[in-house]
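Please look over the model shown here before reading on.

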Amino acid sequence: MTESDRNSIVDTLTIDVLAEFTQQDVTEAREPMDRFTRDAIAGYVRDVLLGWGLLQPLLDDPQVETITINGADSVWVTLADGTTRPTAPIADSDTDLIDLLQQRGPLALGITRIPTGTRNVASLAAIPGCSWNYRTDPG
C-alpha cells in the first residue's frame, strides 16, 4: 500500500466518523462540534495513525530545535530562540512511549532524515523508563 493510499484511507475513515458524531449531535439535539474541535480531532487521528502520535505536533513545529524525553510525562523542548520549556505528556506510560519509538523505526535508532528532509540525531536508551533526545540540524 502506498503512502497516498494510507492517507486516503485515514482521511475517509476520519470524515466518516466525524459525520457520525455530527449525526448523533443532531439526533440527540446537542450542540454540534465546532470546526476547531473537528479539525483537532482529525489532526489527532492522523498523527496517531500516520505519524508520531502526541509527539507529532512537536516534530512539525519549526520553532522546536530539540525535544528531550525522560519518560512519557517528562518532555522538554528547546526552541530556536534558546528558550527551554516543559510540554504535555506524549504517551500514557513509559511502556507506551517505548512502543511508539520502536514502532516508528529509524528515527528512534540514530541519525536519519525524516520526510521533511530535516536531519535528526536521536537516541533511545533502554533503561528503567525511557529517555530519548531529538535534535534538528538543518545542515
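What follows is a guided reading of this chain, element by element.

The model is predicted, so that local features need pLDDT of at least 70 and side-chain atom pairs count only at pLDDT 80 or more, while totals for chains, interfaces and linings use all residues. Residues are numbered from 1 along each chain as its sequence is written, and side-chain values use heavy atoms, with hydrogens and water left out.

The chain contains five helices and six strands, where helices (H or I, at least four residues) and strands (E, at least two) are DSSP runs numbered from the N terminus. Read from the N terminus, the order of these elements is α-α-α-β-β-β-α-α-β-β-β. Of the 139 residues, 27% count as buried, a class that means under 20% relative accessible area, with exposed meaning over 50% and partly exposed in between (1.4 Å probe, protein chains only).

Side chains of opposite charge can pair when their charged atoms come close. Four salt bridges are present in the structure, a salt bridge being a side-chain nitrogen of Lys or Arg within 4 Å of a carboxyl oxygen of Asp or Glu. One of them joins Arg 46 to Asp 11, with 2.4 Å between the closest N and O atoms. This pair links distant parts of the chain, since Arg 46 belongs to helix H2 and Asp 11 to helix H1, 35 residues apart. Arg 46 counts as partly exposed because its relative accessibility is 29%, and Asp 11 is partly exposed because its value is 32%.

Another salt bridge, between Arg 35 and Asp 39, has its closest N and O atoms 4.0 Å apart; both residues lie in helix H2, four residues apart, or about one turn of the helix. Arg 35 is exposed because its relative accessible area is 66%, whereas Asp 39, at 44%, is partly exposed.

Which residues are linked in a network of salt bridges? They are Asp 25, Glu 28 and Arg 30, and within this group the side chains of Arg 30 and Glu 28 meet at 2.4 Å, N to O. Arg 30 has a relative accessible area of 38% and is therefore partly exposed, as is Glu 28 at 49%.

Ala 29 sits in the loop between helix H1 (3–27) and H2. Most residues other than glycine have a negative phi. The phi of Ala 29, by contrast, is near 55°, a positive value in a residue other than glycine. With a relative accessible area of 71%, Ala 29 is exposed.

On a 1 Å grid over the protein atoms alone, a pocket is an open set of points with protein on both sides within 12 Å along at least five of seven lines, and its lining residues have an atom within 4 Å of a point; the volume is the space filled by probe spheres set on the points, which are joined across faces, edges and corners. Its lining has 13 residues, of which Gly 53, Leu 54, Ile 90, Ala 91 and Leu 100 lie nearest the centre. The elements that give two or more residues to this lining are H2 and helix H4 (94–103), and H4 gives the most, with four residues.

Notes:
1 Å grid on protein atoms, 1.4 Å probe; cavity = no way out; pocket = protein on both sides within 12 Å on 5 of 7 lines; lining within 4 Å.
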